[in-house]
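Subject: A structure for you to look at

Hello,

Here is the structure I promised to pass on, and my notes follow below it. Have a look at it first, then read on.

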Amino acid sequence: MNSESHQPLTGIKIVDFSSLIPGPLATLILQEAGAEVIRITRPDGDPMAKLPPYVDGVNAEHIVLSAGKKGFATDLKNPAHIEELKSLIETADILVEGFRPGVMDRLGLGYADLHPLFPSLIYCSITGYGQNGPNRSRAGHDLNYQAESGLLALSPGTIDTPSVPPALAADIAGGSLSAVVNILLAVLQREKTGKGAHLDIAMSDGTAMLLLQAQARRQATNSDPSPRGEMLTGGCPRYDLYPTSDGRFLAVGAIEEKFWVAFCETAGVQLDATQQEIRSVVQAQSSEYWSEKFANIDACVSVVRTLSEAVDSEQAKARGLYARQVQGPDGSRLDAVAVPISETFRRSPTLTPMYQCPSATDNMQ
């Protein structure tokens, strides 16, 4: 682990106009590698902070996403405050914003406004559908972007029991991680050219990367992959979830032949067993039974853990996934976001306070 003065992004300043998850998570990841992040909020604070679930009276996601960041509260409708913001942006390397296309332009803070003033500024816009195209002004959230990208069609559940994805794949993979990758590329390019860039990050675009396997199959077979119809969508006995007698699930990912042979021998089923045959065998025993049965068998088999079990697991502890903590407004402690930054580049683990955003009046003095 680095000291803070030797992290790769030490000296980089980010002004973050974004809210919700995609932008704040992207800047949190960059902050973990040493960047200084200043969040721009309304005078009455970030609206997200007022939503449940609460810790110390503040939204829990807001606390962990704001940890360690500085706050700058300002009224974006006040021309004098816009000029004050430009003075702040002048000192920054990166600007991140998550408004719909055109909003920052109307405020006088669009890329076309700022680039002539600050040509080395890296300006990252994170939106649902990008800066151009027929959907550019449409409202949406993660579920919409997954639906529009084709990802949701691979696992929608059934007509009677539709399945809502548990992970914000579009927000996080399509938005946060895509933004981080492109911001870092822009930083490297600026080192060579001295010039900034406008990064157009569309969450629906970034989600398309998650369709690598499905898209390859579509082109190879000239047909769309179907839910429960393909290897990775539950259409193969080797890659599926099987219920146990105690209402839990066994995750089987025995794609390669050696793993499949090991699974079948241990479970006591034939190599050509159907999913229904395997389901009957697995469902006859408890999750504890199968956990012990496969404990020392290399067959790509896992009992589906609850979140609490995963957080408290020996693997998570060994990897230090939740070793860092964040302090809430009244002193409560929460596990920090487990961002994917190598220990080589991270700060030493400390208790990080949530940022305390000053009032707009304080900022303008």
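Predicted model: local features only at pLDDT ≥ 70, side-chain atom pairs only at ≥ 80, totals over all residues.

Residues are numbered from 1 along each chain as its sequence is written, and side-chain values use heavy atoms, with hydrogens and water left out.

Salt bridges

Which residues does arginine 324 meet in salt bridges? One is glutamate 32, at 3.4 Å from N to O (a salt bridge is a side-chain nitrogen of Lys or Arg within 4 Å of a carboxyl oxygen of Asp or Glu). That pair links distant parts of the chain, 292 residues apart: glutamate 32 belongs to helix H1, and arginine 324 to the loop between helix H14 (314-319) and strand S12 (325-327). Helices (H or I, at least four residues) and strands (E, at least two) are DSSP runs, numbered from the N terminus. Glutamate 32 is buried too.

The other is glutamate 343, at 3.5 Å from N to O. Glutamate 343 sits in the loop between strand S13 (333-335) and strand S14 (351-353), 19 residues from arginine 324. With 33% relative accessibility, glutamate 343 counts as partly exposed. Through shared partners, salt bridges join Glu32, Arg324, Glu343 and Arg346 into one network.

The count for the model is 14 salt bridges. Among them is the pair of arginine 217 and glutamate 230, whose closest N and O atoms are 2.2 Å apart. Arginine 217 lies in helix H9 (residues 212-221) and glutamate 230 in the loop between H9 and strand S9 (239-243), so this pair ties together parts 13 residues apart in sequence.

The sheet

Now to the strands. Six of them form an open sheet in the order S5-S2-S1-S6-S7-S8, with parallel pairing (two strands pair if DSSP finds at least two bridges between them). Strand S5 (70-73) and strand S8 (197-202) stand at the edges with a single partner strand each, so one side of each has no neighbour in the sheet. On average, neighbouring strands are turned by 20° against each other, direction ignored (axes are lines fitted to C-alpha atoms, for helices over the stretch in contact, and angles run from 0 to 180 degrees between N-to-C directions).

Strand S1 (residues 13-16) has Lys13 and Val15 pointing one way and Ile14 and Asp16 the other, all of them buried. Valine 15 has isoleucine 38 as its bridge partner in S2 and leucine 95 in S6.

Helix H1 lies across S1, S2, S6 and strand S7 (122-127), running at about 165° to S1 (contact means heavy atoms within 4.5 Å).

Cysteines

How many disulfides are there? The count is zero, a disulfide being a pair of cysteine sulfur atoms within 2.5 Å. For cysteine 264, the nearest cysteine sulfur, that of cysteine 236, is 10 Å away.

Enjoy exploring it!

Best wishes

Note on methods. Buried < 20%, exposed > 50% of the residue type's maximum accessible area, 1.4 Å probe, protein only.
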